[in-house]
Each structure stands twice: as C-alpha cells, then as structure tokens.
Amino acid sequence: MTRIAAVSGVLPPHRYAQSEITDALAAVCLPPGADRAVFDRLHACAGVRHRHLALELPRYGTLSGFGEANDLFIETALDLGERAVRDALDAAGLRADEVDLVLSTSVTGIAAPSVEARLAGRLGLRPDVKRLPVFGLGCVAGAAGLARLHDHLTGHPADVAVLLSTELCSLTLQRGDTSAAGMVAGALFGDGGGALVAVGTDRAADHTGPVVLDTRSRLYPGTGDLLGWDIGDRGFRIVLGGQLPDVVRLSVAEEVRDFLAGHDLKPDDVTAWICHPGGPKVLDALQESLGLPADALEASRRSLAEVGNLSSASVLHILRDVQADRRPPPGATGLLLALGPGLSSELVLLRW
C-alpha cells in the first residue's frame with residue numbers, strides 16, 4: 001500500500017492578470033505593427049484569468065538567451081522547491097532526515113547537480129537519500145512521478161518518498177516566436193511547483209490521505225510529434241499539435257475506460273477527477289468522450305483559470321485543492337490523470 005501523506009503547491013510572487021501578460025508577450029513575440037487579432041483571441045479563449053511568473057513582466061524582454069534563462073531557472077526552482085518540500089513534510093508531520101527517496105522533475109530547465117541534490121543540504125536530507133531526477137516527461141510527470149513512488153514503496157514498505165516538481169514555463173519564452181504552438185503556449189502556461197509525500201504500508205496507518213490502488217503508463221504510437229520541445233541555440237521551443245484533443249477523444253478516453261474496467265469501475269464511479277489542465281479543448285474532449293457531468297473537471301478548470309497550466313506541477317496543485325476544498329468521503333474513488341510527450345498518458349487510481 002502507498003498512502004499520500006501530504007501534498008503542497010507553491011507559486012512565485014509575481015502575479016498578473018491574463019490581459020497584462022497578453023500585452024507584455026505581444027511586445028516580445030510579435031513584430032512591430034503586427035495584427036494582434038489571432039494572438040489576442042488565443043489568450044482570451046485559454047480559460048486563464050491569472051498567472052504567477054518567475055520574473056516581473058518587464059524582465060522577459062531583456063533576457064539575453066538560454067544561458068541566462070536557465071540560470072534564473074535554477075535560482076527560482078531552488079527557492080520554490082525548498083518551500084514545496086518543507087510545506088509537504090510539515091503537513092505530513094515528518095522530518096527531512098526521514099526521507100528515503102526523492103524523485104524530482106522539471107521539463108523547463110536543466111540543472112546538474114540536479115535540483116534535489118542542490119536542496120539536500122538546505123532541507124536536511126540524509127547523505128544516503130536515494131535521488132531520481134527526471135527530465136523529458138513534461139506535463140505527465142506529476143502523475144508518473146507519483147506512480148514511480150508507488151513502485152518504490154511497494155518494494156520498500158517502511159520508506160518515505162517525496163515527489164518534487166518545479167516548472168518555470170515562462171523562462172522558455174522564445175522572443176519573436178509567432179508560431180501557433182508558441183502563441184498557444186504563451187496563453188496557457190504559468191510557473192509553479194509542488195511536492196508530494198508518500199509512505200509505504202508500514203507507515204500508512206499514521207496518515208489519512210488517499211491510497212494508490214493501481215497505476216498505468218501508456219505510449220500512443222504515431223503521436224510523437226504532438227507534444228514536446230524542439231531544442232536549439234535559443235533553448236526550448238514548444239511542439240504542440242492541434243490534433244491533441246482528437247487523440248484524447250479517440251485513445252485516451254478508451255484507455256481510461258479500460259483501466260477503470262479492470263477494477264470493475266466506470267467513469268460514473270469516480271468521485272474525484274484530478275486531471276492535468278492541458279487547456280480548455282483537452283478538458284472538453286475528455287469530459288465529452290467519457291460522458292462526465294459538467295462539474296466533474298471543475299477543479300482542473302479552476303486551477304487553469306487561477307494559475308494557468310503548470311506542466312507537471314498542476315496535478316499536485318489540483319490534488320491539494322481537492323483535499324482541502326472538498327475532501328472526498330471515505331471509500332471514494334479518485335483518478336489522477338495527465339498527458340505528456342510521447343504522446344503518453346499516466347493514470348493513478350486512488351481510494352480515500
């Protein structure tokens with residue numbers, strides 16, 4: 001048994017309305033005198049009202065390139081990561097020196113030594129703590145990270161494991177990028193981090209969070225060009241295919257139904273949907289194809305509106321909110337779901 005002992009979500013201090021971000025990005029990305037109609041429409045239809053950013057808005061137009069942006073990623077990720085892990089451990093009533101495994105993930109910056117290694121001394125982690133830094137899973141990493149913690153704790157039932165996500169999407173901004181994918185990403189993604197503390201069977205009775213019943217990973221052949229990065233001299237440039245909602249309708253929804261059926265469940269039996277907010281069209285496709293009621297994905301839509309798409313950190317924020325705002329009753333079933341490059345999906349079945 002893997003039990004989620006606590007989950008935290010953290011945000012950088014610079015909070016802006018979507019309209020402020022739209023104007024600032026238009027100045028950075030569009031050529032002088034360009035028609036802003038499509039750009040403004042994408043931002044208005046993104047389902048986002050506010051976002052938190054790593055930097056103050058005027059700073060983005062002055063960044064010299066990938067090197068400076070990545071240095072700022074490391075600096076900010078360490079501050080966010082320390083807050084996230086401390087908050088989660090405090091909520092779980094655990095000390096840093098009780099942690100046996102840390103899995104850290106980000107797809108918006110590169111650090112070697114990795115983020116969790118740089119934080120080990122600051123947090124008070126043991127010198128023999130197991131570490132697993134992960135890059136490349138993208139938005140799916142919040143769900144996949146929890147699944148991999150579950151794999152570890154199944155074989156190490158006395159352990160404490162931590163998942164850390166630090167995503168600073170704004171620092172991947174490409175000056176002068178007028179591609180459709182770039183404009184959509186600029187309308188959706190925000191900055192933030194989160195941490196999750198999980199414990200194995202031997203410690204489960206000391207905590208009251210949901211337990212992980214099962215997980216499933218899936219790659220969808222022939223969809224590798226729908227989501228990811230093109231990495232060049234200027235850093236990360238988003239790859240975002242317009243067919244993504246169609247894949248959700250045709251393949252991901254079928255995957256969800258099959259996964260639930262293996263536990264004698266149907267979508268109607270799921271009380272809590274913790275779905276990565278990939279964007280309004282992706283959420284609409286999932287809701288429609290699974291026949292979910294209008295409020296089933298409310299937590300995901302609310303998170304998208306309040307902070308934007310935080311890549312791998314989003315599902316941690318949503319899970320935290322579900323726990324705090326409308327904690328499911330004992331025995332309720334939850335499904336944590338995310339998509340990432342590959343194209344891939346990760347499903348985690350939960351029981352309160």
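## Two loops with a positive phi

S311 sits in the loop that runs between helix 10 (298-307) and helix 11 (314-325). This is a predicted model, and in it the phi of S311 is near 55°, a positive value in a residue other than glycine. Most residues other than glycine have a negative phi. Is S311 buried or exposed? S311 counts as buried, because its relative accessibility is 2%, and the cut-off for buried is under 20%.

D264 is another residue to look at here. Its phi is positive, about 55°, although D264 is not a glycine. You will find D264 in the loop between helix 8 (244-261) and strand 11 (272-275). D264 has a relative accessibility of 72%, so it counts as exposed; the cut-off for exposed is over 50%.

Most peptide bonds are trans. P113 belongs to the loop between strand 4 and helix 4.

A cis peptide bond also joins G342 and L343, with omega of about -20°. L343 lies in the loop that links strand 12 (333-340) to strand 13 (344-351).

## Helix 4 and its cover

Helix 4 spans residues 115-123, and its buried residues are V115, E116, L119, A120 and L123. Why do these residues fall on the same side of helix 4? They cover an arc of only 140° around the axis, and therefore share one side of the helix.

If you turn to what lies over these buried residues, the cover includes helix 3 (66-92) and strand 4 (101-105), along with strand 5 (130-134) and strand 6 (160-168).

## Strand 13 and L347

L347 is part of strand 13. With a relative accessible area of 1%, L347 is buried. Which residues does L347 touch, leaving aside those up to four places away in sequence? They are D214, T215, R216, E255, V256, F259, L335, L336 and L337.

For a sense of distance, take L347 and R302, which are 45 residues apart along the chain. Their C-alpha atoms are separated by 21 Å.

## A nonpolar patch on the surface

On the outside of the model, I110, F135 and I231 form a nonpolar surface patch. Together these residues have about 300 Å² of accessible area.

One of them, I231, is in strand 9 (residues 227-232). I231 is exposed because its relative accessible area is 58%, and the cut-off for exposed is over 50%.

## What the UniProt record marks

The UniProt record, an unreviewed entry, annotates residues 67-202 as "domain: Chalcone/stilbene synthase N-terminal". In the model, this span is 45% helix and 21% strand. The C-alpha atoms at the ends of residues 67-202 lie 45 Å apart.

The record, again as an unreviewed entry, places "domain: Chalcone/stilbene synthase C-terminal" at residues 219-351. Over residues 219-351 the chain is 38% helix and 25% strand, and here the end C-alpha atoms are 25 Å apart.

Note on methods
Residues numbered from 1 in each chain as written. Predicted model: local features only at pLDDT ≥ 70, side-chain atom pairs only at ≥ 80, totals over all residues. Heavy atoms only, no water. Patch = residues over 30% accessible without salt bridge, like charges linked within 9 Å, V, L, I, M, F, W, Y side chains within 5 Å. Areas by Shrake-Rupley, 256 points an atom, 1.4 Å probe, with all protein chains shown as cover. Salt bridge = Lys/Arg side-chain N within 4 Å of Asp/Glu carboxyl O. Helix = DSSP H or I, 4+ residues; strand = E, 2+ residues; numbered from the N terminus. Buried < 20%, exposed > 50% of the residue type's maximum accessible area, 1.4 Å probe, protein only. Arc of directions from axis to C-beta. Contact = heavy atoms within 4.5 Å. UniProt positions renumbered as here; feature names shortened; annotations may be inferred.
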